[in-house]
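Here are some friendly notes to read with the model open beside you. Take the points one at a time and find each place as you go.

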Amino acid sequence: MTKPRIIVTGATGKTGSVVVTELLKAGYPVRAMVHREDGRSVRLKAQGAEIAVADMSDVERVADALKHVQRAYYCPPYDPYMIQGAVAFAVAATEARLEHIVGLTQWLASPSHPSLLTRQSWLVDRLLSMMSGVAHTIVNPGFFADTYLTTIGLAAHLGIFPWMYGNSRNAPPSNEDIARVAVAALMDPARHAGKSYRPTGPELLCAEDMAKAIGRAVGRSVRVVPTPTWLFMKAARMGGMPIDLMSNVRYYIDDQKRGAFEPGAPTSDVLEVTGRPPEDFETIARRYAALPGNQRTSANWLRNFVQFMIAPLSPGFNFGRYDRELRRPFPSQPQFAPESKLWRREHDIAEPANPAASVHETAPSATSRGQWLESR
């Protein structure tokens, strides 16, 4: 029996590339949709994937990419025009008569969040769920383990683990476990249609727990270093992180400080959906520690030391100018996820017994909205 063709958007990304590989191993014909051809797309093609080059907002190119496709892994780009791409994808998917879409979204997705991408993620989830005749499965992880391991080079060479998240915990999943949940759903729509899964790691971890796991992975003692968000953002800009992404991450840091990733975690979704237990944080950290740039060599030590020393002196992102130039819509009453009654209700999280006073929850005027944005 011929297996259905599956398209994977964001196919060169952290989860998309794994989804492509796992589907090919299972014998499915895969069309990998990429923004451009490069070394990553060449590797996917060498594995057996068909490559389709298309910008997510280009309706006609996306429609071409979805021809003769039956199922899709939809991984939206971190782009301020995400919603336009989602509508283009929905139109093309309807015309192609797709039978099933597995969509990657966010645990934080809510309609009044200060992050534009998080508000758009909430809308995209509903858009795809409302498509007539198309089954939809949601995969909504919180911060990936990858998020905390971007600074593993500092741990390996300087013995420090920068921490911006206050006294909070998370059970972060690996890119691979998130992808495997998506693959399992794609292979069995009848079982997973209409369901929402939150992949997590096997246990809740605080900063000290993660530092110890990273220390074992890199073979040295690692200590937690409380780090202000402004310094992290400077280092992120120096490291080439795009402002489209970091303009949203600034808010997610505040969400984690508010404990947004603790309720309901860890889940059993990875085990129940894939049949295998989730990877623990140390296992994931060992994979990152083995990368060439994180090996304990004199050249890598020098690079990390220099970056660490000059980060405070480097320029940061100009988020105020970015917001003004983007002219993006902003909610009249922005709410971080834990402050949102709708978010708590949709995620089946009880209201706190003594809720703390919310910070900057209301922005009744254009002037105060601008001040709220500038304060972030």
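1. R327 lies in the loop between α16 (319-326) and α17 (341-346); helices (H or I, at least four residues) and strands (E, at least two) are DSSP runs, numbered from the N terminus. R327 is exposed, with a relative accessible area of 75%. Here buried means under 20% relative accessible area, exposed over 50%, and partly exposed in between, with a 1.4 Å probe and protein chains only. The phi of R327 is near 55 degrees, a positive value in a residue other than glycine.

2. Before going on, a word on what you are looking at. This is a predicted model, where local features need pLDDT of at least 70 and side-chain atom pairs count only at pLDDT 80 or more, while totals for chains, interfaces and linings use all residues. Residues are numbered from 1 along each chain as its sequence is written, and side-chain values use heavy atoms, with hydrogens and water left out.

3. Now look at D348, in the loop between α17 and α18 (366-375). D348 is not a glycine, yet its phi is positive, at about 55 degrees. Is D348 buried or exposed? With a relative accessible area of 72%, D348 is exposed.

4. The peptide bond from A265 to P266 is cis, with omega near 0 degrees. P266 sits in the loop between α12 (243-257) and α13 (269-274). Most residues other than glycine have a negative phi, and most peptide bonds are trans.

5. At its start, a side-chain oxygen of D38 comes within 3.0 Å of the backbone nitrogen of R40. Just after α2, G48 has a positive phi of about 120 degrees.

6. Next, go inside. T9 belongs to strand β1 (residues 6-9) and is buried, with a relative accessible area of 0%. Which residues is T9 in contact with, leaving aside its neighbours within four places in sequence? They are M33, M56, Y73, Y74, C75 and F89, where contact means heavy atoms within 4.5 Å.

7. V124 is part of helix α5 (residues 116-129). At 4% relative accessibility, V124 counts as buried. Not counting residues up to four places away in sequence, V124 touches Y74, M82, I83 and A86. V124 and V87 are 37 residues apart in sequence, and their C-alpha atoms are 8.2 Å apart in space.

8. Finally, step back to the whole chain. How many helices and strands are there in the chain? There are 18 helices and nine strands. Of the 376 residues, 52% count as buried. Among contacts with a separation of 6 or more, 79% come from residues 24 or more positions apart.

9. The C-alpha trace spans about 55 × 55 × 40 Å along its principal axes. For 376 residues, a compact globule would have a radius of gyration near 21 Å, and the chain agrees, with 21 Å. That radius is taken over C-alpha atoms, and the globule rule is 2.2 Å times the number of residues to the power 0.38.

Key:
Polar contact = N/O pair within 3.5 Å; in protein donor to acceptor, adjacent residues only side chain to side chain.
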